[in-house]
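Please open the model in a viewer and follow the stops below in order. Each stop names a selection and then describes what is found there.

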Amino acid sequence: MKYHPLGRTGIDVPEIAFGAASLGSIYFDVSQDEANKAVAVALENGINYFDVAPYYGMTTAETALGAALKAMDRNTFHIATKIGRYGDAEWDFSADATRRSIEASLKRLGTDYIDVIQCHDIEYGDRQQLVHEALPTLRKLKEEGVVRNIGITGYLLDVLESVAKEQQVDTVMAYCTYTLQDRRLGPVAKRLSEAGIGVLNASPLGMGLLTQRGAPDWHPGNEKVIELANAAARLCKARGSDISELAIKFALSTAREFDIATTVIGTARAENVMRNISWAGEVIDPDLLEDVEAVLEPVIGAGWDVLPGSGGKAGK
Ligand SMILES: NC(=O)c1ccc[n+]([C@@H]2O[C@H](COP(=O)([O-])OP(=O)(O)OC[C@H]3O[C@@H](n4cnc5c(N)ncnc54)[C@H](OP(=O)(O)O)[C@@H]3O)[C@@H](O)[C@H]2O)c1
């Protein structure tokens with residue numbers, strides 16, 4: 001596993017980070033036993049950065065991750081979680097909610113500090129509240145040692161870039177914007193990194209879009225995006241390959257061109273954790289990449305409307 005500095009946080013992040021939204025059963029029902037196996041295999045193989053949120057599975061992802069990490073030495077891994085989003089269409093960046101959310105996350109995660117606390121999907125919430133309540137509260141909690149670094153997450157890159165620079169946050173996590181289907185995060189990540197901000201690329205599989213199983217029914221991509229992603233998956237299958245492999249190899253092999261510190265991949269399956277790690281060390285098939293890019297060409301860079309419900313799903 002390769003490690004890269006996450007901006008000025010002092011954390012060296014593995015090139016693959018563990019996206020724990022899947023542990024909240026947002027793609028399919030996940031048992032605690034499956035969660036334990038996926039987390040243990042990740043940690044044993046050098047994936048020591050776990051990203052989660054109260055919103056994922058309406059707190060079940062944090063609970064499952066906390067249980068899976070319970071027996072592990074807290075000094076051997078980093079936890080990133082979030083505040084501010086509490087439902088498909090529910091945001092609260094008030095000072096009170098921020099403190100309460102962190103207290104509850106600490107309990108669920110079985111820890112007394114959070115390595116990276118992130119304001120979740122900032123484009124939706126009340127910006128004044130974010131700037132005048134949530135962020136100042138997080139800065140106080142940082143002084144108290146409860147949180148160690150402060151970040152923001154979301155889909156709209158212009159919002160992420162301007163807020164990150166104005167508010168001098170430590171990290172930015174963008175999702176679905178550096179994949180086979182969308183490359184827009186690249187130049188933004190480069191500028192953020194030059195400003196000392198650590199960049200995390202979440203959802204290199206486009207939240208399931210670039211998998212053989214295909215996008216989940218709640219996926220916000222428009223019809224054309226989903227149709228062409230399915231066509232690309234069929235093409236990969238016909239060549240004896242898997243579009244997930246191509247998508248992960250693409251994201252990992254080009255991330256450093258844009259100073260992306262880590263790629264946050266979601267899987268609740270130990271065998272897929274291992275597949276992803278092995279793909280990180282392999283060369284991409286240039287002919288397959290070219291053919292898949294030709295299929296996706298009409299929708300490369302095509303984003304989707306950000307409506308509440310984008311950026312994950314509360315799950316069960
Ligand atoms: N707004 C935000 O802050 C935001 C938004 C989105 C994501 N994120 C973060 O980024 C993480 C990753 O995003 P995500 O999980 O939504 O999307 P993703 O990583 O793009 O895709 C996840 C899907 O890919 C499948 N997958 C993973 N590895 C695979 C493999 N080797 N072969 C086949 N399928 C594979 C998973 O299925 P299996 O479980 O069956 O392997 C799951 O259905 C989240 O967990 C979260 O931490 C943050």
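**The largest pocket**

Begin with the lining of the largest pocket, whose residues divide into 17 nonpolar, 15 polar and seven charged. The model is a predicted one. This pocket has a volume of about 700 Å³ and is lined by 39 residues. Select Tyr 27, Leu 205, Gly 208, Gly 266 and Thr 267, which lie nearest its centre. Next, colour strand 10 (171-175), helix 8 (243-254), strand 12 and helix 9, each of which supplies at least two residues of the lining. Helix 9 provides the largest share, four residues.

**The second largest pocket**

Move on to the second largest pocket, which holds about 180 Å³ of space. Of its 18 lining residues, select Lys 2, Glu 15, Leu 252, Ser 253 and Ala 280, the closest to its centre. Helix 8, strand 12 and helix 9 are the elements that give two or more residues to this lining, and helix 8 gives the most, with three. By class, the lining has eight nonpolar, five polar and five charged residues.

Eight of them close into a barrel in the order 3-4-5-8-9-10-11-12, with parallel pairing. From one strand to the next, the twist averages 30 degrees. Select strand 3 (residues 16-19) together with strand 12 (residues 262-266): the two pair in the parallel sense over four bridges. Within strand 12, Ile 265 stands opposite Phe 18.

Keep Phe 18 and Ile 265 selected, as both belong to the lining of the largest cavity. The cavity has a volume of about 50 Å³, and the count of cavities of 30 Å³ or more comes to one. Strand 3 and helix 9 (270-280) each supply at least two of the lining residues. Which classes make up this lining? Six residues are nonpolar and three are polar, while none is charged.

**The whole chain**

Finally, zoom out. The protein chain contains 10 helices and 12 strands, and its C-alpha trace spans about 55 × 40 × 35 Å along the principal axes. Because a compact globule of 316 residues would have a radius of gyration near 20 Å, the 18 Å of this chain agrees with such a form. Select residues 15-295, which UniProt lists in an unreviewed entry as "domain: NADP-dependent oxidoreductase". This span is 44% helix and 15% strand, and its end C-alpha atoms lie 28 Å apart.

How values were computed. Residues are numbered from 1 along each chain as its sequence is written. This is a predicted model: local features need pLDDT of at least 70, side-chain atom pairs count only at pLDDT 80 or more; totals for chains, interfaces and linings use all residues. Side-chain values use heavy atoms; hydrogens and water are left out. Two strands pair if DSSP finds at least two bridges between them. Axes are lines fitted to C-alpha atoms, for helices over the stretch in contact, and angles run from 0 to 180 degrees between N-to-C directions. UniProt positions are given in the numbering used here, feature names are shortened, and annotations may be inferred rather than shown by experiment. On a 1 Å grid over the protein atoms alone, a cavity is a set of points where a 1.4 Å probe fits but cannot get out, and a pocket is an open set with protein on both sides within 12 Å along at least five of seven lines; lining residues have an atom within 4 Å of a point. Grid points are joined across faces, edges and corners, and a volume is the space filled by probe spheres set on the points. Ala, Val, Leu, Ile, Met, Phe, Trp, Tyr, Cys and Pro count as nonpolar, Asp, Glu, Lys and Arg as charged, and the others, Gly among them, as polar. The radius of gyration is taken over C-alpha atoms; the globule rule is 2.2 Å times the number of residues to the power 0.38.
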